[in-house]
Amino acid sequence: MPHFIDLGVNVDHVATLRQARRGQEPDPIIAAALAEQGGADGITFHLREDRRHIIDRDVELFVQTVQVRTNFELACAADVLAICCRVQPDWALLVPESREEVTTEGGLDVVGDSGRIADAI
């Protein structure tokens, strides 16, 4: 029987706070470790094209340190796709991005953007 995630923790907004403070803390890597210690079965992070939350350094450290399943949320941007293919998370989830939104607010337009999505897949 396949193992399903009972508790997944998204650490994006820990990074949002760090970026807003223009500092090193709070660190989403530490948040992921604490979530694991608390029983999380999965860690989700979203490397946005504009790097407003999670940054490249975070992705590298997530794949090196997270012991539970990883869920990499990403846009169909070539540089982000390349990072995802290189680090090979357990899951990759394509999500829409808009520069005007604070966080992801809508669904992926699979019909209207089918060529770019097909290329990403």
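Which residues do ring pairs link into a cluster? I opened the notebook with this one, working on a predicted model. I found that Phe45, Phe62 and Phe72 are linked into a cluster by ring pairs.

**Entry 1: overall layout**

I looked up the secondary structure and found 5 helices and 4 strands. Read from the N terminus, the order of elements is β-α-α-β-α-β-α-β-α. I noted that the chain has 121 residues, of which 37% count as buried. I also looked at contacts with a separation of 6 or more, and 62% of these are between residues 24 or more positions apart.

**Entry 2: aromatic pairs**

I searched the whole structure for aromatic pairs and got 2. Phenylalanine 45 and phenylalanine 62 make a stacked pair, with 4.6 Å from centre to centre and 20° between the planes. This pair links distant parts of the chain, since phenylalanine 45 belongs to strand β2 (residues 42-47) and phenylalanine 62 to helix α3 (residues 56-65), 17 residues apart. I checked accessibility next: phenylalanine 45 has 0% relative accessibility and therefore counts as buried. Phenylalanine 62 is also listed at 0% relative accessibility, so phenylalanine 62 counts as buried.

I then took the pair of phenylalanine 45 and phenylalanine 72. The ring centres of phenylalanine 45 and phenylalanine 72 are 5.1 Å apart and the planes are at 45°, so I recorded the pair as tilted. Here too distant parts of the chain are linked: phenylalanine 45 is in strand β2 and phenylalanine 72 in strand β3, 27 residues apart. I noted both phenylalanine 45 and phenylalanine 72 as buried.

**Entry 3: strand β3 and glutamate 73**

I moved on to glutamate 73, which sits in strand β3 (residues 69-74).

I listed what glutamate 73 touches, leaving aside neighbours within four places in sequence. The contacts are Asn10, Asp12, Thr44, Phe45, His46, Leu47, Leu93 and Val95. Phe45 in this list is also a member of the ring cluster.

For the pairing of β3, I found 4 bridges to strand β4 (residues 91-94), and the two strands run parallel. I looked up leucine 74 in particular, and its bridge partner in β4 is leucine 94. I also recorded that β3, helix α4 (residues 78-87) and β4 form a β-α-β unit that is right-handed.

**Entry 4: salt bridges**

I counted salt bridges and the total is 8. One of them joins aspartate 58 and arginine 18, at 2.7 Å from N to O. Aspartate 58 is in helix α3 and arginine 18 in helix α1 (residues 12-21), 40 residues apart, so I noted a link between distant parts of the chain. Both aspartate 58 and arginine 18 are buried. I traced a network of salt bridges through Arg18, Asp27, Arg57 and Asp58.

I also looked at glutamate 60, whose side chain meets that of arginine 86 in a salt bridge of 2.7 Å, N to O. This pair links distant parts of the chain, with glutamate 60 in helix α3 and arginine 86 in helix α4, 26 residues apart. Glutamate 60 is partly exposed, as its relative accessible area is 25%.

Aspartate 56 and arginine 51 form another salt bridge, with 2.5 Å between the closest N and O atoms. I have aspartate 56 as partly exposed at 33% relative accessible area, whereas arginine 51 is buried at 18%.

**Entry 5: backbone**

Most residues other than glycine have a negative phi, and most peptide bonds are trans. I therefore looked for exceptions.

Arginine 51 came up again: its phi is positive, about 55°, although it is not a glycine. I located arginine 51 in the loop between β2 and α3. Arginine 22 also has a positive phi of about 55° and is not a glycine. Is arginine 22 buried or exposed? I read 75% relative accessibility, so arginine 22 counts as exposed. Arginine 22 is in the loop between α1 and α2.

Last, I found a cis peptide bond between glutamate 25 and proline 26, with omega at about -5°. Proline 26 is in the loop between α1 and α2 (28-37).

Notes
Residues numbered from 1 in each chain as written. Predicted model: local features only at pLDDT ≥ 70, side-chain atom pairs only at ≥ 80, totals over all residues. Heavy atoms only, no water. Contact = heavy atoms within 4.5 Å. Phe/Tyr/Trp six-rings, centres within 6.5 Å; stacked < 30°, edge-to-face > 60°. Buried < 20%, exposed > 50% of the residue type's maximum accessible area, 1.4 Å probe, protein only. Pairing = 2+ DSSP bridges. Right-handed = clockwise from strand over helix to strand, strands pointing away. Salt bridge = Lys/Arg side-chain N within 4 Å of Asp/Glu carboxyl O.
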